[in-house]
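Please read the points with the structure at hand.

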Amino acid sequence: MNHWQSARPYRPVRAAPNPVVLLTLLAVAAVVPVLLLASFVPRPLVLPVLSLAALGCAAVLALAAYWRGAPRDVESITLWDLAGVAALVGFAAGMLTGPEQIIYVVDPTLMK
C-alpha cells in the first residue's frame, strides 16, 4: 500500500525586518529598563539591584534555552548567547559594587 505524500501547509513568507530598525528597537529595549531602574532605586543600590536582576534574567534565559533544546554551536544568536550576555552584565555590575553598597542593602541607617 502506497502512502500519500502530503504537501506541507502553505505559510506566507514573512519579510525580514530592516536591520537598522531592529537594532534601534533592541537598543531602546535595553536602555529603558536600566533608566527605570536608575530612577526608582536609591543611588547606592543601583549596581547591586542591576547585578541581581541581570543574573536572574540570565538564569531564566538559560532555563528556557535548556527546555527548548536550543542548539549551542550555530552561526546565529541563540538563547544561550543572550543568557551569556545577561550573566556577563550581572557579574560586571557585581564586580563594580562596593562594600558600602552592600552595607546599605543590609542596613540603610549605617550609611552616613
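Predicted model: local features only at pLDDT ≥ 70, side-chain atom pairs only at ≥ 80, totals over all residues.

1. Leaving out residues up to four places away in sequence, which residues does Val46 touch? Val46 touches Leu37, Ala38 and Val41, where contact means heavy atoms within 4.5 Å.

2. Residues are numbered from 1 along each chain as its sequence is written, and side-chain values use heavy atoms, with hydrogens and water left out.

3. Buried denotes under 20% relative accessible area, exposed over 50%, and partly exposed the range in between (1.4 Å probe, protein chains only). In soluble globular proteins, nonpolar side chains tend to be buried together.

4. The chain contains four helices and zero strands, in the order α-α-α-α from the N terminus. Helices (H or I, at least four residues) and strands (E, at least two) are DSSP runs, numbered from the N terminus.

5. As to overall form, the radius of gyration of the chain is 21 Å, whereas a compact globule of 112 residues would have a value near 13 Å. This radius is taken over C-alpha atoms, and the globule rule is 2.2 Å times the number of residues to the power 0.38. The C-alpha trace spans about 85 × 35 × 20 Å along its principal axes. Of the 112 residues, 19% are buried.

6. Ala62 lies in helix 2 (residues 46-68). Ala62 counts as partly exposed because its relative accessibility is 24%. Apart from neighbours within four places in sequence, Ala62 is in contact with Trp80 and Ala83. The C-alpha atoms of Ala62 and Asp81, 19 residues apart in sequence, are 9.0 Å apart in space.

7. Pro12 is located in the segment before helix 1 (19-40). Why does Pro12 count as exposed? Pro12 is so classed because its relative accessibility is 56%.
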